[in-house]
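Here's a quick briefing to keep open beside the model.

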Amino acid sequence: MGAETAYHGEMGEEFAAQVTRSVYNSYTDRPAMLGLAGDVGGLRVLDLGCGAGHYAAELLERGAATVVGVDGSESLLRVARERLGDRADLHHHDLEEPLTFLADGVFDLAVLALVYHHVEDRERLLAEIRRVLRPGGTLLVSTTHPTGDWQYCGGSYFTEDRVTLPFGNGHALSYRRMTLETFLGELLRAGYVLERLVEPRATEEARAVDSRRYDKTHRTPTFLAVRLRRP
């Protein structure tokens with residue numbers, strides 16, 4: 001994430017602990033994104049907004065050859081380093097800035113898991129991802145569901161303001177609402193080809209963790225996830 005929206009300090013530590021067993025992260029978004037990734041055996045993967053390293057760990061366990069993780073929070077990267085050791089190459093970097101430390105066309109797969117809606121300069125980020133992906137490479141993006149945001153925030157569906165949600169012990173998450181038209185439009189204008197779109201619901205395992213949140217994900221759209229190809 002960008003330096004302004006990354007989860008720093010105590011908030012980052014709380015977030016890292018929560019997403020390990022969160023219905024929304026562990027049992028909804030992560031299975032959906034890994035399902036969209038398919039067979040990652042031997043792939044070179046870029047995990048942007050890698051957080052505490054949960055996605056990177058899963059990708060490595062599924063056979064990814066290399067994983068490079070990037071995040072704007074040193075708090076989350078500390079946890080990621082503990083989780084991953086020397087199995088991944090982790091970088092502290094503001095995603096609002098160019099990925100100048102990465103060479104052209106070196107990755108087979110790029111992952112943006114629940115990060116896109118935090119970034120303001122999304123056009124530049126998408127261009128940078130296109131640069132570092134090889135031709136034919138894959139981009140996975142998940143974000144908050146536009147309809148879910150509308151139901152929660154009220155007002156006009158077409159409002160694209162920044163919203164703030166309470167989190168943890170007196171903290172708040174900030175991100176940008178966007179319509180489905182905006183979300184898909186930005187990705188297509190950046191030159192990617194849409195291959196698949198899913199609206200993830202929690203897996204059955206989540207029912208024993210938190211039945212209320214499990215049920216919620218099956219009634220109200222929570223996230224949106226897409227698989228795209230770089231021509």
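A residue counts as buried under 20% relative accessible area, exposed over 50%, and partly exposed in between, using a 1.4 Å probe and the protein chains only. By that rule Arg227 is partly exposed, at 22% relative accessibility. This is a predicted model, where local features need pLDDT of at least 70, side-chain atom pairs count only at pLDDT 80 or more, and totals for chains, interfaces and linings use all residues. Residues are numbered from 1 along each chain as its sequence is written, and side-chain values use heavy atoms, with hydrogens and water left out. Helix and strand labels are DSSP runs numbered from the N terminus (helices: H or I, at least four residues; strands: E, at least two).

**The largest pocket**

- On a 1 Å grid over the protein atoms alone, a pocket is an open set of points with protein on both sides within 12 Å along at least five of seven lines, while a cavity is a set where a 1.4 Å probe fits but cannot get out; lining residues have an atom within 4 Å of a point.
- For volumes, grid points are joined across faces, edges and corners, and the space filled by probe spheres set on the points is what counts.
- The largest pocket comes out at about 1,100 Å³.
- Its lining runs to 43 residues, and those nearest the centre are Tyr24, Leu165, Leu173, Thr222 and Phe223.
- Two or more lining residues come from each of α1 (9-18), α2 (23-37), α3 (54-61), α6 (146-153), β6 (162-167), β7 (171-176) and α9 (211-217).
- Helix α2 gives the most to this pocket lining, with four residues.
- The pocket lining splits into 22 nonpolar, 14 polar and seven charged residues; here Ala, Val, Leu, Ile, Met, Phe, Trp, Tyr, Cys and Pro are nonpolar, Asp, Glu, Lys and Arg are charged, and the others, Gly among them, are polar.

**The cavity**

- How many cavities of 30 Å³ or more are there? The count is one.
- The largest cavity has a volume of about 30 Å³.
- Lining the largest cavity are Met33, Leu34, Ala37, Tyr55, Leu59, Val111 and Leu140.
- The elements that supply two or more of those lining residues are α2 and α3, and α2 gives the most, with three.
- The cavity lining is made up of seven nonpolar residues, with no polar and no charged ones.

**Salt bridges**

- A salt bridge here is a side-chain nitrogen of Lys or Arg within 4 Å of a carboxyl oxygen of Asp or Glu, and the count comes to 15.
- Glu195 pairs with Arg227, with the closest N and O atoms 2.9 Å apart.
- That pair links distant parts of the chain, since Glu195 sits in strand β8 and Arg227 in strand β9 (residues 223-229), 32 residues apart.
- Glu195 is partly exposed, at 40% relative accessibility.
- Glu128 bridges to Arg131, with 3.1 Å between the closest N and O atoms; both are in helix α5, three residues apart, or about one turn of the helix.
- Is Glu128 buried or exposed? Glu128 is buried, at 14% relative accessible area, whereas Arg131 is partly exposed at 24%.
- Arg213 and Asp210 meet through their side chains in a salt bridge of 2.7 Å, N to O, and Arg213 is partly exposed at 31%.

**The nonpolar patch**

- Patches take residues with over 30% relative accessible area and no salt bridge, joining like charges within 9 Å and nonpolar side chains (Val, Leu, Ile, Met, Phe, Trp, Tyr) within 5 Å.
- Leu180, Leu188, Leu194 and Leu197 make up a nonpolar surface patch, with about 310 Å² of accessible area together (Shrake-Rupley method, 1.4 Å probe, only the protein chains shown counting as cover for residues).
- Helix α7 (180-189) and strand β8 (193-198) each give two or more residues to the nonpolar patch.
- Leu197 is in strand β8 and is partly exposed at 36% relative accessible area.

**Two more residues to look at**

- Leu114 has a phi near 55 degrees, a positive value in a residue other than glycine.
- Leu114 lies in the loop between β4 (107-113) and α5, and is buried at 13% relative accessible area.
- Ala127 belongs to helix α5 (residues 122-132) and is partly exposed at 44%.
- The C-alpha atoms of Ala127 and Arg30 are separated by 24 Å, and the two residues are 97 residues apart along the chain.
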